[in-house]
There are 2 protein chains.
Amino acid sequence: MDLSKKTRIIPDFPKKGIMFEDISPILQDPDSFEHVIFKMVDYYKDKKVDVIASAESRGFIFGAPLALKLGASFVLLRKPGKLPYKTIRHDFEKEYGTDGFEIHTDAIKQGDSVLIVDDLLATGGTSQAAIKLVEKLGGNVLSLAFLIELGYLNGKEKLKGYDIFRLINRE
Amino acid sequence: MDLSKKTRIIPDFPKKGIMFEDISPILQDPDSFEHVIFKMVDYYKDKKVDVIASAESRGFIFGAPLALKLGASFVLLRKPGKLPYKTIRHDFEKEYGTDGFEIHTDAIKQGDSVLIVDDLLATGGTSQAAIKLVEKLGGNVLSLAFLIELGYLNGKEKLKGYDIFRLINRE
């Protein structure tokens, strides 16, 4: 199945000059969505995955099914102020201003093998924040999985030394 | 499995007087999370579910796996400005100010049987907005599924006439 033709490109969203890649057509087609999860499971099924960590909110869409299939713990990375228990926080710069993510302090144990799952690898800021949070709690980042990599944005540069799996690459 | 003891109550979050029900312990325990999805699948497996619609962001955690298991289309209800394609919007009142959700206009077809999935039924405002959006697009709301109902908040009152399935009820 060629997933690369199943997204919908929305020009100038959320602002002029950005070609937004809408994944709704994949989610709305059960065969396509199933295929995404199947391919991710296939890549990780023989690896040791203790924890899957996903950033809100689109990361949850892929992280949750994958955690269930792999029998891994599912952990949320959320915007500041959303997680109710004790958290640690990591801020990062975006094009305009800063953004941040939090994780519960008991979400990851020392030595856990952690897979970070998100829908999109763009500039890599979110993924870098996810890595920092996982590592601060003593987790080992096994790999990062994405549905789409926007290769032309060079997000991979920020993730050097980490294993990356993605199903669609936009060069 | 008694899921009702698997959540974690956080007093005074997000503000004084609220006993917040943290579902992280369920998500972090693969057996518990699997059990939630199993029970939901069991309830809906012989019913016709064309579409599963979930509100961001915790709704995605349960809606996505359920859509995959039931072979249904998965549709996102998001905060205004997040969905890239043509949308319709429904605003509703919250304790302080108003909130709103949007859905893509092509997310649901006339006559589709739609299951709305969320983590929590509290006052019912989000669920009511979800119903309005689904029905505006011509969908039939088959049922609403939740992990937890805060029965003492009477959210069910707002959802009269609709089938409701939930795994945990706090009277």
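Across all chains, the count comes to 32 salt bridges, a salt bridge being a side-chain nitrogen of Lys or Arg within 4 Å of a carboxyl oxygen of Asp or Glu. Side chains of opposite charge can pair when their charged atoms come close. The model is predicted, so that local features need pLDDT of at least 70 and side-chain atom pairs count only at pLDDT 80 or more, while totals for chains, interfaces and linings use all residues. Residues are numbered from 1 along each chain as its sequence is written, chains are lettered from A and ligands numbered from 1 in the order in which they are written, and side-chain values use heavy atoms, with hydrogens and water left out.

Let me take some individual pairs. In chain A, Lys48(A) and Asp50(A) form a salt bridge, 2.7 Å from N to O. For accessibility, buried means under 20% relative accessible area, exposed over 50%, and partly exposed in between, with a 1.4 Å probe and protein chains only. Lys48(A) is exposed, at 56%, and Asp50(A) is partly exposed, at 24%.

In chain B, Glu21(B) is bridged to Arg170(B), with the closest N and O atoms 2.5 Å apart. Glu21(B) belongs to strand E2 (residues 19–22) of chain B and Arg170(B) to the segment after strand E9 (164–169), so the pair ties together parts that are 149 residues apart in sequence. Helices (H or I, at least four residues) and strands (E, at least two) are DSSP runs, numbered from the N terminus. Glu21(B) itself counts as buried, with 11% relative accessibility.

A further bridge in chain B joins Arg166(B) to Glu149(B), and here the closest N and O atoms are 2.8 Å apart. This pair links distant parts of the chain, with Arg166(B) in strand E9 and Glu149(B) in strand E8 (residues 140–149), 17 residues apart.

I turn now to the two chains together. A rotation of 180° with 0.0 Å of shift along its axis superposes chain B on chain A, with an RMSD of 0.0 Å; that is the relation of a two-fold axis. The superposition is by least squares on the C-alpha atoms of residues with pLDDT of at least 70 in both copies. The same surface serves both copies, as 100% of the contact residues of chain B recur in chain A, where contact means heavy atoms within 4.5 Å.

How many residues does each chain bring to the contact? Chain B gives 35 residues and chain A gives 35 residues. The size of an interface is often given as the accessible area lost when the parts come together. Between chain B and chain A the buried area is about 3000 Å², of which carbon and sulfur atoms give 61%; this is the accessible area (1.4 Å probe) that two parts lose on being put together, summed over both. In chain B, Gln28(B), Leu68(B) and Pro84(B) lose the most area to chain A, together 21% of what that side buries.

Two salt bridges are counted between chain B and chain A. Between the chains, Arg8(B) forms a salt bridge with Asp106(A), with the closest N and O atoms 2.7 Å apart. Helix H3 of chain B gives the most to the side of chain B that touches chain A, with six residues.

Within helix H2 (residues 30–44) of chain B, the buried residues include Phe33(B), Ile37(B), Met40(B) and Tyr44(B).

His90(A) is found in strand E5 (residues 87–93) of chain A and is buried, with a relative accessible area of 18%. Beyond its neighbours within four places in sequence, His90(A) is in contact with residues including Asp99(A), Gly100(A), Phe101(A) and Lys136(A). Pro80(A) sits in the loop between strand E4 (73–77) and E5 of chain A, and is partly exposed at 31% relative accessibility. Leaving aside neighbours within four places in sequence, Pro80(A) is in contact with Arg89(A), Gly100(A), Phe101(A) and Glu102(A). From Pro80(A) to Lys160(A) the separation is 80 residues in sequence and 26 Å in space, C-alpha to C-alpha.
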